[in-house]
Amino acid sequence: GALLVSERIDREELCGALSPCSLSFEIVVENPLELYSGAVEIQDINDNDPVFPSSQARLEISESVAAGARFPLESAQDPDVGVNSLQTYQLSANPHFALDVQTRVDGSKYAELVLEKELDREEQRELHLVLTALDGGSPPRSAHVQIHIDVVDANDNAPVFNQSAYKASVRENTPSGTLVARISAYDLDDGPNGDIVYSFSSHTPAKVRELFALDSATGELRVKGQLDYEETKLYEIYLQAKDKGAVPGMAHCKVLVEVVDVNDNAPEVTVTSVYSPVPEDAAPGTVVALLSVTDLDSHDNGLILVQVSDVNDNAPKSSQDSYDVYVLENNVPGIPILNVSATDPDLGRNAHLSYTLLQGDPTVGHIFSINRENGTLYLLTSLDHEYQVEFSMMVQVQDSGSPPLATNVSVSVFVTDLNDNAPTVLYPHPNTTATYTDVVAPGTPAGHMITKVVAVDADAGYNAWISYTLLQATDPSLFSVGLHSGEIFTARQLQEDEAPQHTLVILLKDHGEPVLSASATVSISVAEMVKEVFTDLTDMAPANDPRRHVTFYLILAVILVSAAFFITMLSVGIFKCYKWRQSKELFNSSRSTLYRTPGPFHHIDAVRGGFTPPNFYHQVYLTTDSRQSDLLCKKPFTSSPLGSRQSTMRNGEPGLYHQIVGTASRLPTPAE
């Protein structure tokens with residue numbers, strides 16, 4: 001059970017900058033079967049010296065640079081990790097510069113020269129400094145670089161970045177040339193002293209320069225190499241802007257680039273066989289193999305997903321069970337008026353919804369249409385509030401599962417009214433040549449109602465509320481109109497010397513928006529007698545009208561017919577009264593003789609009554625003590641003189657009989 005080293009271990013070769021550095025392994029123990037996982041952590045030793053990219057560095061610094069200015073220096077690289085990695089920098093003693101050592105987010109160190117005392121080119125044209133990099137080993141290892149500083153004349157203004165730090169994120173599989181960030185700096189100088197050149201700062205690691213490219217003119221930072229999230233998750237890139245003056249001014253900024261993980265690593269499955277082959281009598285639950293799955297990706301990209309197949313066990317569900325839609329009448333055909341929204345928590349075809357308009361009312365299918373895919377309800381025709389106010393329909397939402405599930409949603413469409421109908425005058429009728437004249441007698445007091453203008457409006461609500469105003473009159477001071485009733489009243493008492501004819505123009509307006517109106521013309525005659533009115537009407541009728549006497553003839557015919565009807569009814573009444581009295585006398589005289597004892601039917605000829613023609617007469621059959629009789633049948637008679645009486649049936653002729661049955665238990669035969 002001892003774990004041995006089989007060859008020399010180089011931590012930097014195995015893990016690079018990763019810390020801690022570990023090697024994983026698994027051990028299978030049989031009888032009983034057990035699985036153990038283990039890891040060997042490779043510890044670092046200080047076996048590498050820090051290394052600068054070059055043995056010399058040259059800086060040009062203007063004498064006008066103020067104290068406190070910073071100048072980044074080339075960073076040394078040490079492949080060791082932990083305390084054995086690069087820990088600090090030291091600068092040789094000098095009167096002008098101090099060294100500021102800072103730490104990056106990944107723990108690495110870099111150094112910056114800080115000007116503590118301003119330079120004077122006249123006193124000293126150049127400076128020579130030594131920068132030493134030290135790691136934390138025991139004893140520490142070191143590296144040196146010679147720094148040569150040239151003091152040049154001043155360039156008054158140095159470039160200035162818009163911001164000191166930029167942040168960007170990029171996917172690890174981003175192709176080369178993709179824009180990561182765009183830095184921007186400005187310089188107030190003119191000419192070459194104001195032209196800016198962008199570049200990487202001197203302490204930017206070589207690995208960063210291999211992965212990213214910087215456009216010196218535009219400041220665009222683009223992907224150059226292949227990024228790998230599993231290798232480095234964050235890059236801290238230091239950039240500088242330098243003008244083209246004789247003594248270039250410089251500004252510095254940093255760009256933090258976050259690498260976003262993508263699922264670019266397939267899971268690695270390790271299978272360790274335990275029983276091979278498996279016995280045919282192996283009991284259920286016997287371990288056949290051990291599987292170990294790893295994925296280098298992070299977060300969700302590193303999980304193993306188990307797919308659960310969907311069953312259509314959810315019906316579509318609408319956001320609401322019913323919809324009320326209000327549409328203005330006179331709409332443009334083809335407009336959408338509603339979107340029926342529904343969801344289905346199932347997946348795939350089980351969640352694919354279709355919308356159908358159920359044809360409960362056949363007229364609905366000619367007026368409305370629904371988009372099968374998205375549930376948008378369209379109005380195919382223009383609606384009219386005066387024709388129909390409300391439409392009700394049912395929308396079915398169905399999924400594409402097997403079997404499909406469906407949900408019904410009720411939709412009510414209400415047609416709102418527009419003021420699209422003007423008032424219609426019913427009286428006086430405007431579409432006729434006849435003149436409606438109302439008569440009022442002289443002396444009529446004020447407030448007397450003469451006539452009424454009757455009108456209707458097919459609209460609803462305020463759109464149908466009609467107001468009446470007097471627009472024009474022969475004498476405006478003589479008449480008034482009810483604002484909402486349309487009734488025409490006398491405004492003052494009528495005098496004997498009033499004009500005989502008055503024409504009123506009544507304006508009818510509704511309360512819609514816009515207001516619609518109509519007008520009615522009313523003629524009023526001031527006269528005592530109807531004859532005068534007829535004379536006035538005759539004078540008012542057009543001379544060339546062939547029907548100018550129709551009204552007169554109609555009135556005359558009504559009078560004649562009424563008089564004839566009155567005379568006829570009076571005559572009938574007198575005649576009936578006379579016949580009633582005669583029948584009463586006949587009845588009284590017959591009670592003591594003809595009908596004294598019960599026996600066979602006897603026949604008398606009653607007097608014809610009313611307007612029965614001369615060739616008809618009545619025969620009445622009565623029984624003894626019959627005071628009230630029922631009419632049974634009629635038979636036609638041959639001609640018989642008016643007022644004749646028949647004493648027996650045998651002498652009678654076939655004709656019209658009124659058989660009146662009293663208390664007898666059977667009807668008589670013709671012989672009886």
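Analyst: Happy to. L3, V5, I9, L14, L23 and V40 make a nonpolar surface patch of about 530 Å². Patches are built from residues with over 30% relative accessible area and no salt bridge, joining nonpolar side chains (Val, Leu, Ile, Met, Phe, Trp, Tyr) within 5 Å and like charges within 9 Å. Areas follow the Shrake-Rupley method with a 1.4 Å probe, and for residues only the protein chains shown count as cover. The model is predicted, so local features need pLDDT of at least 70 and side-chain atom pairs pLDDT 80 or more, while totals for chains, interfaces and linings use all residues. Residues are numbered from 1 along each chain as its sequence is written, and side-chain values use heavy atoms, leaving out hydrogens and water.

V5 is exposed, at 62% relative accessible area, where exposed means over 50%, buried under 20%, and partly exposed in between (1.4 Å probe, protein chains only).

Now the charges. The model has 12 salt bridges, each a side-chain nitrogen of Lys or Arg within 4 Å of a carboxyl oxygen of Asp or Glu. R11 and E12 form one, with their closest N and O atoms 3.6 Å apart, and both residues are buried. R11, E12 and D44 are linked in a salt-bridge network.

R70 pairs with D100 at 2.6 Å between the closest N and O atoms. Because R70 lies in strand β4 (residues 70–72) and D100 in strand β6 (residues 97–103), this pair ties together parts 30 residues apart in sequence. R70 is partly exposed at 39%, and D100 is also partly exposed, at 23%.

E220 and R182 meet in a salt bridge too (2.8 Å, N to O). E220 belongs to strand β16 (residues 220–223) and R182 to strand β12 (residues 179–182), so the pair ties together parts 38 residues apart in sequence. Here E220 is buried at 14%, whereas R182 is partly exposed at 47%.

E329 tells another story. E329 lies in the loop between β22 (322–328) and β23 (335–339). E329 is buried yet has no salt bridge, and the nearest side chain of opposite charge, K509, is 20 Å away; Lys and Arg count as positive, Asp and Glu as negative, with His and chain ends not counted. A polar atom of the E329 side chain does lie 2.7 Å from the backbone nitrogen of L418.

Key:
Helices (H or I, at least four residues) and strands (E, at least two) are DSSP runs, numbered from the N terminus. A polar contact is a pair of N or O atoms within 3.5 Å; within protein, one must be able to donate a hydrogen and the other to accept it, and residues adjacent in sequence count only if both atoms are side-chain atoms.
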